[in-house]
Amino acid sequence: MADFLRARSSGQKEERMKEIKKAADAQFAERPYHMITLTTIAEQLSWSRANLYKYITTKEEIFLELTRDKWNAYFTALRSAFPPGCRYSPEVAAEVWAGILNANNGHLKYSAILPSIIETNVSIEKLAAFKKFFHRQTDAFTELLHLNFGLSQEKAYEIFMTVHYQAVGLYGYCNAGEMVEEALRMAEIKLTMPDFRERMKSFIYMNLFFALKK
């Protein structure tokens with residue numbers, strides 16, 4: 001096991017958390033959530049579990065931070081693509097938004113387990129900080145939808161969240177794990193997976209078109 005040097009400064013602690021999140025994220029890309037433990041994360045880092053506990057208390061704390069990082073990348077891309085004053089048609093807006101979802105899909109996999117798993121085993125303080133971040137970012141983007149498309153604040157928020165939940169479900173369906181694929185083969189069920197980006201483009205366009213038509 002490599003020598004472990006405990007972080008002292010805030011910058012060093014931030015670097016340690018980056019290492020922890022990178023290890024957890026890499027494992028989540030390769031195995032189901034329930035197969036990831038603090039032990040497997042510590043082993044990948046060549047740390048002891050005790051050393052890992054110096055920075056986090058539960059596995060869910062790591063995944064809450066990862067979810068925030070993934071959402072932040074998505075929100076940043078959205079705000080950049082929909083600057084104040086842009087006058088996209090519903091068709092163009094749907095194309096742009098679907099492209100961003102497709103390129104920044106990391107938050108979708110994490111969001112699928114956010115309310116039922118991740119949020120159930122973190123401190124109330126960490127959860128409150130995450131909720132504050134999420135709603136501030138959501139409000140900032142829905143304000144852009146409100147300004148750029150003339151939608152009410154309520155309708156802009158409704159569209160944003162509707163698109164999100166559709167994307168979470170569709171992404172999970174389009175990216176079924178190996179076990180699901182094997183089960184389908186055993187059951188002799190042949191499915192053609194939809195194109196995530198094209199389906200989301202159609203869905204976003206439908207929501208914007210009917211909202212603007214009213």
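Mentor: Before we start, contact here means heavy atoms within 4.5 Å, and please keep in mind that this is a predicted model. With that cut-off, and leaving aside neighbours within four places in sequence, F63 is in contact with A24, F28, Y33, I36, Y110 and I118.

Trainee: OK, and which residues of the largest nonpolar core touch the most other members?
Mentor: F63 is one of them, together with F82, W97, L101 and M200, in a core of 63 residues. The elements that give two or more residues to this core are α1 (10-28), α2 (38-45), α4 (59-81), α5 (90-103), α6, α7, α8 and α10 (196-213).

Trainee: Which of those gives the largest share of this core?
Mentor: That is α8, from which 10 residues of the core come. As general background, nonpolar side chains tend to be buried together in soluble globular proteins.

Trainee: Stepping back, how many helices and strands does the chain have?
Mentor: There are 10 helices and zero strands. The C-alpha atoms fill a box of roughly 60 × 50 × 25 Å, taken along the principal axes, and buried residues make up 41% of the 214 residues in the chain.

Trainee: And what part of the contacts comes from residues 24 or more positions apart?
Mentor: Such pairs account for 70% of the contacts in the chain that have a separation of 6 or more.

Trainee: Changing topic, what volume does the largest pocket have?
Mentor: The volume of the largest pocket is about 650 Å³. It is lined by 19 residues, of which P32, K109, N175, A176 and G177 are the closest to its centre. The elements giving two or more residues to that lining are α6, α8 (153-174) and α9 (178-186).

Trainee: What about S111, buried or exposed?
Mentor: S111 counts as buried, because its relative accessibility is 9%, and buried means under 20%. This serine lies in helix α6, which covers residues 106-111.

Trainee: Which backbone oxygen does the S111 side chain reach?
Mentor: The side chain of S111 reaches the backbone oxygen of H107, at 2.7 Å. Not counting residues up to four places away in sequence, S111 touches W71, H164 and V168.

Trainee: Last one: what lines the second largest pocket?
Mentor: The second largest pocket has a volume of about 230 Å³ and is lined by 14 residues, with L114, P115, F134, H164 and Y165 nearest its centre. The elements that give two or more residues to the lining of the second largest pocket are α7 (124-149) and α8. The lining of the second largest pocket divides into nine nonpolar, three polar and two charged residues.

Note on methods: Residues are numbered from 1 along each chain as its sequence is written. This is a predicted model: local features need pLDDT of at least 70, side-chain atom pairs count only at pLDDT 80 or more; totals for chains, interfaces and linings use all residues. Side-chain values use heavy atoms; hydrogens and water are left out. Helices (H or I, at least four residues) and strands (E, at least two) are DSSP runs, numbered from the N terminus. Buried means under 20% relative accessible area, exposed over 50%, partly exposed in between (1.4 Å probe, protein chains only). A polar contact is a pair of N or O atoms within 3.5 Å; within protein, one must be able to donate a hydrogen and the other to accept it, and residues adjacent in sequence count only if both atoms are side-chain atoms. On a 1 Å grid over the protein atoms alone, a cavity is a set of points where a 1.4 Å probe fits but cannot get out, and a pocket is an open set with protein on both sides within 12 Å along at least five of seven lines; lining residues have an atom within 4 Å of a point. Grid points are joined across faces, edges and corners, and a volume is the space filled by probe spheres set on the points. Ala, Val, Leu, Ile, Met, Phe, Trp, Tyr, Cys and Pro count as nonpolar, Asp, Glu, Lys and Arg as charged, and the others, Gly among them, as polar. A nonpolar core is a set of buried Ala, Val, Leu, Ile, Met, Phe, Trp, Tyr and Cys residues joined through side-chain atoms within 4.5 Å.
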